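Hi there,

Here is the structure we talked about, with the sequence alongside. Have a look around first, then read on for what turned up.

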Amino acid sequence: MQYLVDLVVSGIAVGAIYGLVAMGFALIYKATGLVNFAQGEMAMVIAYIAWTIAGTVPGHPWLVVGGALVAALLLGLVIERLIMRPMLGEPVFATVMVTIALAVILRSLVLLVWDPYPHALDIGVGRDVIHFGGTGVRSAQVAVMATLLATCAVMWAFFRFSRIGKAMRAVAADERTAQLMGISAARIHAVAWVGSSLIAGIAGIFFALIYDVSPNLYHVGLKAFPATILGGLDSVLGSGLSGVVLGVAENLAGGYLAPSLKEITGFAVIIAVLMVRPFGLFGEREIERV
Amino acid sequence: MSALLEIQGATKAFRGLVAVSDVSLSVERGEVCSVIGPNGAGKTTLFNLISGVLRPTSGRIVFDGKDMGRVPSHRFAAHGIGRTFQNLALFKHATVVENLLVGCHTSLRSGVFAGAVFFGRARREEIAAREQVEEIVEFLEIEELREKVVGTLSYGQQKRVELGRALACRPKLLLLDEMVSGMNQEETEDIARFILDIRDDYGISVLMIEHNMRIVMDISDRVHVLHFGQKIAEGAPAEIGRDDTVAAAYLGPATAKHPRRLADANR
Amino acid sequence: MRSGHYKESVPSLIVLSDSTAVWVWGGILVLAMAMAPYFLNAYLLSFLVLILITGTGALGLHVLTGCTGLISLGHVGFLLLGAYAYAVPVAKFGAPPLIGFLSAGVVPALVSIVVGVPSLRLKGLYLAITTLAFAFIISHVVLSMSWLTNGARGLPVMRPELLGIDFESDARFAHLCLVVAVATLFAVLNIQRSRVGRAFVAVRDNDIAARTMGINLQAYKLRAFMTSAFISGIAGALFGIYLSFVSVEGFPFLMSIEALAILIVGGLGSTAGVVLGTVLIVLLPEVARIALGMLGPQAEMLFSTAAHELRTVLYGLVIILFLRFEPRGLVGVWRDVKRLWVNWPLRH
Amino acid sequence: MVSRLAIILAVGLFAATAAKADQGITDTEILLGEVEPLTGPPALLGVAYNVGTKMAVAEANAAGGVAGRKLRVIVEDDGYVAARTIQSVKKLIDVDKVFALTSLSGSNGVAALPVVEKAGIPTMASIAPITPLYQPPRKNVFVVGQSYEEGMYQLVRYLARKHPGAKWGILTQNDDYGVALRAGFSHALKDGGINVVFEGEYKKGQQDFSSDILRARQAGTEVFMAGGVLAETVAMVREFEKLNSKPAIGMFWPGRVPVTLKLMGPAGEGIYAVDYVETDDSAAVKAFVERAKALVSEGEVKAINRYSLASYASTKVLIEAMRRCAKTLTWACTIAELEKTKGFETAVMGPISFGPGVRFSSQAVRIMRGDAASLTYKVTD
């Protein structure tokens, strides 16, 4: 029993990170109809920036987090303005390929700018182990679970109450009509990219705190993919929760079946899900018109 | 001999919204029929049912003596139903000739391997198909467009290509969905002439959705009127033009006393 | 370019190209490539071989993504399968290489049904992601079936002997690749001008209209998957032989991206574009190396220590620049240049 | 650029006719070539390895070079991608026309073996001494080091003596490296006395090891073989720390670099490792680092780790063989002299020997333990 609890708890902890990254995917998809294949790479870049700040001015955790988030904001803005906006109106395939290319570039830039060695992100907190009964969790893991919940709440409120959130839903429902109603698609896209970059940044920092920064960090994007699909590409909250579901599923597969299955569980799950529901669990079905 | 197309009590509902409700109509061989009705009357849905794009929720569609209920939708063309679409549905990155050749799809046989080798039967088949396409190209007078990529053509030209593609299917029944909308007087008259030639020279029956009342009244043998998914009238153009219910459906009950104006409704 | 020409018979309308110039230049190019192994050193020859193998693989993806419009991010899965389908019978069980090549095509084609069937209902991005997932699962399955595949140890592969010809030497192997690449090119061109190829394009451009024309969407999507997997599998086998070693490591995920990059840079949907795109993408690192060499020894040094990174950054940049400024790809550029050449100094 | 292109083409055109036997030697210079992963995560090995080569070459040049000629090394980066390894090797042999190769990159070097063997160029391949590189032996390919199998075997035997009757767990990567470790482990099992309760494989690139380590702990693991390369081993150790579980943990030389201990923090204290090169606190390595300060750049001194020592020894053997050929420096002579190497001392590892049909100089391994405070490994017992 303790074993099961341990597996589930650590599954939730890693799933919370997948969930955050997956929410970033979904946010961009909802607003722009694209899958941003560079989501994991953005998380990695922000994590490296956080590590650089932590190395330059040690002993100020808030400065590290604050600085990294400002960097995330800028990164989102720059990507949207310089790379994505010129592609507005191009076919989805072309635009998605741009994000793939962006991913490849960011991956290599990390190696060019920084180095190939793994490094610990040391901000003085997050590494200590907290024990609940027999279960050990790092404090950063507790924090990331809380952060996921908080982000979900913020997202829910954003779509429910904020003007731009509602506008985003309108754009997602029907871009042309929304434009005719005076909603600026460009602005919405910018907000989505910045928001998604911030979420990716948060996920990246937590990942680095728990597992170190390394040029492999972008894998977290690949791991979060299935969560977005499971949740439905256009469902931000669904993606967040699916991340947790997949984290737990992964750990259960690794813990009870074979350890080597752990890494492909997510992909196996999405294939199974898509066969039954081609638009994900919480996604909305497109209706075709002839 | 039975009618070419026989629709018996067809109903189509989308999540509770009934687009076509208990519609029965028939198209005789060698006939040009029109389906008219205000926007949202369910005309295109009816076409989608006939061409197999959608399946009726209830009711039967009998074509050429065969119940189409069990026929897979991609086999409708092989049974002799060709159609054009309301909003152009061409293969816009392909050339005109290639589009027409796709129309020949069901009359050809070669598979991946034969195509890759392109020798013997596959080659002869291609030549035969190409001959047929050339004939259609000549018939529709689009010789100079042959090798043009469809996406670069004007709207009227694309419409004509789409008509050609439907003809290449060698249909027994041709479904034309708002063929002349957006065309000028001259282009419209060309199309009207083509439709009559198609019937007279090729013996193909035609069922068309049309808002242009002039062409409906001029060339139809029979007109079916849909309103809110239901068929409200059927008859020769002249009868329909005098029908009070039809006029009411189009113009509202107040003007029903001036049925003659129906023919001008879409000018 | 000739202007105003008349065809006298229908058969002459369906030839691959009615221009003598195209045939002559094509012939010269093939002849040059056939002679090249006797003049090039092993290093330059390896570029030729890589271009031929990569081009074959890219043609495979072209059938699926370029012609049929089904985006695959899991192309590397088919390459990997092809390599193993060749290596397992030939290297492990001593089957003749001809059988190996056959199985390198057939096995991926069969597996593509397993990938394709669930993908039939999916569209666009959902399909792309499913193919990605399949690529991961394929490599996992290959690794875990170590009784057959030697697992992570991989399988050493020798250069084959086919129809009594020994392809051991680099020159001969280049000839083998040339034959396969040219045959594949013709097969793909032929498919495109025949019924099946037109059906692929119809499915890509407008699936509902395609169905109304009598095209069975499911069947043709599957056919596209199978044809693509078959061709890619053969390319994978050649690549495995080139590496002289087949292992999961030899087929990194980046290959999927590379293949898509080739299609985009060449011009999506165009077969000539695949050829041009392949040449550019394969030679890109070497071109970059020479370009950096011009900037002086410092820059060249940087390239030797950061070659891999710079190369991938270049890939990314080239893809983005093409998508942004020349979505028609190299083929579009080529047409513009040709038009300019013919019409100069007139504007049209 | 034009001239460079012209040279490549010209070289290409005449390659077929040019004599190959003495390539890479001019009146003043001898060219050596090296293929390394200098980018991507495996650069951790490649960059350090390259420093070792540079050291050996610099020392030889300082001592007057080989028969009056200075040595120069051309480095090619392959990013640990097999196709690039082949390309790089071909470039070094055909375009740069080097006399010998000091490295064939890591396990991906196996892909380049046919090219190297056909060319007949003297080659050292000592980054990842996996069996396919020297078994069956190839005339011109020499490997210095120890196989992962043997290292694992020695480590397991040592720990089995230390912890009699303990429950064992092992987690390895699903690639050729993991396979080699697994083989060594199985070999040690045959000697008996080891009770294995957990065996697992993880997918290369895995970052979260929570379920794997939970499983190991659940099985009651008391001695754990962490078969990761670097980051993975760190992650495993840290998971044990999180679970408050303290088995004896063993790991392998790719991870035996200071950065691992730094990342593990206090959890790395007392971790067992195995290696065939000297430890960082030995007099030989300290002297090596001192000498390095004069010969290579400051950044390169920082990059020194065990791979620099492996490379230094391997390259020194090659240079020594070349030196013995002196004026008659040819491939055949170099290979013959390499084969004659007996008990060659490099100070950074045990004596190196080859022989007729023996292309692998099997180095003795030693068991060591991590010291978290000084971030070094110390030889134990």
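**What turned up**

Let's start in chain D: D:Pro136 sits in the loop that links β4 (123-124) to β5 (141-145). Keep in mind as you read that this is a predicted model. The peptide bond between D:Gln135 and D:Pro136 is cis, with omega at about 5 degrees. That is worth a second look because most peptide bonds are trans.

B:Glu178 has a phi near 50 degrees, which is positive even though the residue is not glycine. You'll find B:Glu178 in the loop between β7 (173-177) and α7 (185-202) of chain B. For background, most residues other than glycine have a negative phi.

Now for the sheets. Strands of a sheet pair through backbone hydrogen bonds, and they can do so parallel or antiparallel. In chain D there is an open sheet of seven strands, in the order β7-β6-β8-β9-β10-β12-β13, and its pairing is mixed. Which strands stand at the edges? They are β7 (195-202) and β13 (376-379) of chain D; each has a single partner strand, so one side of each has no neighbour in the sheet. On average, neighbouring strands of this sheet are turned by 25 degrees against each other, ignoring direction.

D:Gly250 has D:Tyr272 in β10(D) as its bridge partner. A helix belongs in this picture as well: α7 (residues 210-218) of chain D lies across β6 (167-173), β7 and β8 (223-227) of chain D, and runs at about 170 degrees to β7(D).

Chain B has an open sheet of four strands, ordered β2-β1-β4-β5, with antiparallel pairing. Its edge strands are β2 (17-27) and β5 (66-67) of chain B, and each pairs on one side only. Seven bridges hold β1 (residues 5-14) of chain B to β2(B), and the two run antiparallel. To find your place, note that B:Leu5 has B:Val27 as its bridge partner in β2(B). Helix α1 (residues 43-50) of chain B lies across β1, β2 and β4 (58-63) of chain B, at about 115 degrees to β1(B).

Over in chain C, have a look at two helices. The axes of α11 (residues 254-266) and α14 (residues 329-343) of chain C come within 3 Å and cross at roughly 20 degrees. α11(C) and α14(C) are therefore roughly parallel to each other. Which residues make the contact? From α11(C) they are C:Ile264, C:Val265 and C:Gly266, and from α14(C) they are C:Gly329, C:Leu330 and C:Val331. By class, the contact has four nonpolar residues, two polar and no charged.

Last up, the holes. The structure holds nine cavities of 30 Å³ or more. Two helices, α8 (185-211) of chain A and α8 (231-242) of chain D, each supply at least two lining residues. Which helix gives the largest share of that lining? It is α8(D), with three residues. Sorted by class, the lining of the second largest cavity has five nonpolar, five polar and two charged residues.

Happy exploring!

How values were computed
Residues numbered from 1 in each chain as written. Chains lettered and ligands numbered in written order. Predicted model: local features only at pLDDT ≥ 70, side-chain atom pairs only at ≥ 80, totals over all residues. Heavy atoms only, no water. Pairing = 2+ DSSP bridges. Axes fitted to C-alpha atoms, helices over the stretch in contact; angles between N-to-C directions. Contact = heavy atoms within 4.5 Å. Parallel < 35°, antiparallel > 145°, perpendicular 65-115°, else oblique. Nonpolar A, V, L, I, M, F, W, Y, C, P; charged D, E, K, R; others polar. 1 Å grid on protein atoms, 1.4 Å probe; cavity = no way out; pocket = protein on both sides within 12 Å on 5 of 7 lines; lining within 4 Å. Points joined across faces, edges and corners; volume = space filled by probe spheres on them.
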